[in-house]
Amino acid sequence: MAVAVGRGFLVQPCSYSSSPTFHNKIYKPSLGSATTFWSTFAPQRYLQVAVQAQQRPTWLPGLDPPPYLDGTLAGDYGFDPLGLGEDPKSLKWYVQAELVHARFAMAGVAGILFTDLLRVTGISNLPVWYEAGAVKFEFASTRTLIVVQFLLMGFAETKRYMDFINPGSQAKEGSFFGLEAALEGLEPGYPGGPLLNPLGLAKDIKNAHEWKLKEIKNGRLAMIAMLGIFVQAYVTHAGPIDNLVEHLSNPWQKTIIQTLANSTS
């Protein structure tokens, strides 16, 4: 019977004799290996209980992660309650999908906060973020902007998908208008190069686990932040900076609890 608590040790009973004998021996445990001690009596049989220290952190302490989440992926804490990653091919796709959503969320949160700060301080006459899409621009019509966006995003997403299917194929000569050198194609999801990695922070992508972990952690936080911004705009009909200023003006009365209570009344 396996128990995932404490430092590793092993319980083994001594053999049975005609008269009960109790042995109490405690051995100093060593890291990475099991030690033994015996502190009870077991007649004519052996009992073995292994208590192993948990080797890596999980999203719920003491929970055994599924076998297909072995900790090799960046930000893998064994969280997959729906079992979506049981299929290895699906798992690879979900990893890329999370990475892309995380990057869009980080860009979205930064853009919303920056433009909202400019609007609230009066530096620029910008609309609140959830009304920005309704603004009419003089240099192009809404229909033109939508078509251009579909073309550009469609091209980028097609290239990304092709690199996912055949890693490294989009870095070959002639695959990107002669600009392949700017996209080194380190591995799927990490194109690199001076265009997308100008600071050269992760030139050796195979050994850049720490950078990958930082990116996915910040990305997950940004996705939660975007969800909060969506709900906040729906309930308060204001931008995040407006909500922050209102809260700071009366921290004990202007909280999420009072806001939700007033919205339902």
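Tutor: Start with Arg 119. Its relative accessible area is 21%, so Arg 119 is partly exposed. Keep in mind that this is a predicted model.

Student: Why is Arg 119 called partly exposed?

Tutor: Set the value against the cut-offs. Buried means under 20%, exposed means over 50%, and partly exposed lies in between. Arg 119 has 21%, so the label is partly exposed.

Student: What makes the contact between Arg 119 and Asp 242 a salt bridge?

Tutor: The rule asks for a side-chain nitrogen of Lys or Arg within 4 Å of a carboxyl oxygen of Asp or Glu. Between Arg 119 and Asp 242, N to O is 2.6 Å. That value is within 4 Å, so the pair counts as a salt bridge.

Student: Why do such side chains pair at all?

Tutor: Side chains of opposite charge can pair when their charged atoms come close.

Student: Why is the pair of Arg 119 and Asp 242 said to tie parts together?

Tutor: The salt bridge joins the side chains of Arg 119 and Asp 242. Arg 119 sits in helix α1 and Asp 242 in helix α5, residues 240–249, so the pair ties together parts 123 residues apart in sequence.

Student: Is Asp 242 buried or partly exposed?

Tutor: Partly exposed, because its relative accessibility is 28%.

Student: How many salt bridges does a search of the whole structure find?

Tutor: It finds 7. One of them joins Arg 160 and Glu 157, with the closest N and O atoms 2.7 Å apart. Both residues lie in helix α2, 3 residues apart, about one turn of the helix.

Student: What makes Lys 254 and Glu 246 a salt bridge?

Tutor: Their side chains meet at 3.7 Å, N to O. The cut-off is within 4 Å, so the pair qualifies. Lys 254, at 37%, is partly exposed. Glu 246, at 39%, is partly exposed as well.

Student: Which residues do salt bridges with shared partners join into one network?

Tutor: Asp 116, Arg 119 and Asp 242.

Student: On to the rings. How many aromatic pairs are there?

Tutor: The count comes to 6. Take Trp 93 and Phe 164: their ring centres are 5.2 Å apart and their planes meet at 70°.

Student: Why is the pair of Trp 93 and Phe 164 called edge-to-face?

Tutor: Two tests. Centres must lie within 6.5 Å, and planes over 60 degrees apart count as edge-to-face. With 5.2 Å and 70°, Trp 93 and Phe 164 pass both, so the pair is edge-to-face.

Student: How do you know that the pair links distant parts of the chain?

Tutor: Look at the positions. Trp 93 is in helix α1, residues 88–121, and Phe 164 is in helix α2, residues 142–165. The two are 71 residues apart. Trp 93, at 34%, is partly exposed. Phe 164, at 22%, is partly exposed.

Student: What makes Trp 129 and Tyr 130 edge-to-face?

Tutor: Their centres are 5.7 Å apart, with 85° between the planes. That is over 60 degrees, so the label holds. Tyr 130 has 33% relative accessibility, so Tyr 130 is partly exposed.

Student: Which residues form one aromatic cluster?

Tutor: Trp 93, Tyr 161 and Phe 164.

Student: Which residues lie over the face of Tyr 190?

Tutor: Arg 103 does, at 5.2 Å from the ring centre. Lys 212 does as well, at 5.0 Å.

Student: Where is Arg 220, and what does its record say?

Tutor: Arg 220 is in helix α4, residues 209–236. An unreviewed UniProt entry annotates Arg 220 as "binding site". Among the residues Arg 220 touches are Tyr 77 and Glu 98.

Student: Why is Arg 220 called partly exposed?

Tutor: Its value is 26%. That lies between under 20% and over 50%, so the label is partly exposed.

Terms used. Residues are numbered from 1 along each chain as its sequence is written. This is a predicted model: local features need pLDDT of at least 70, side-chain atom pairs count only at pLDDT 80 or more; totals for chains, interfaces and linings use all residues. Side-chain values use heavy atoms; hydrogens and water are left out. UniProt positions are given in the numbering used here, feature names are shortened, and annotations may be inferred rather than shown by experiment. Helices (H or I, at least four residues) and strands (E, at least two) are DSSP runs, numbered from the N terminus. Buried means under 20% relative accessible area, exposed over 50%, partly exposed in between (1.4 Å probe, protein chains only). Contact means heavy atoms within 4.5 Å. Rings of Phe, Tyr and Trp (its six-membered ring) pair if their centres lie within 6.5 Å; planes under 30 degrees apart count as stacked, over 60 as edge-to-face and the rest as tilted. A charge sits over a ring if NZ of Lys or CZ of Arg is within 6 Å of the ring centre and within 35 degrees of the ring normal. Lists of a residue's contacts leave out its neighbours within four places in sequence.
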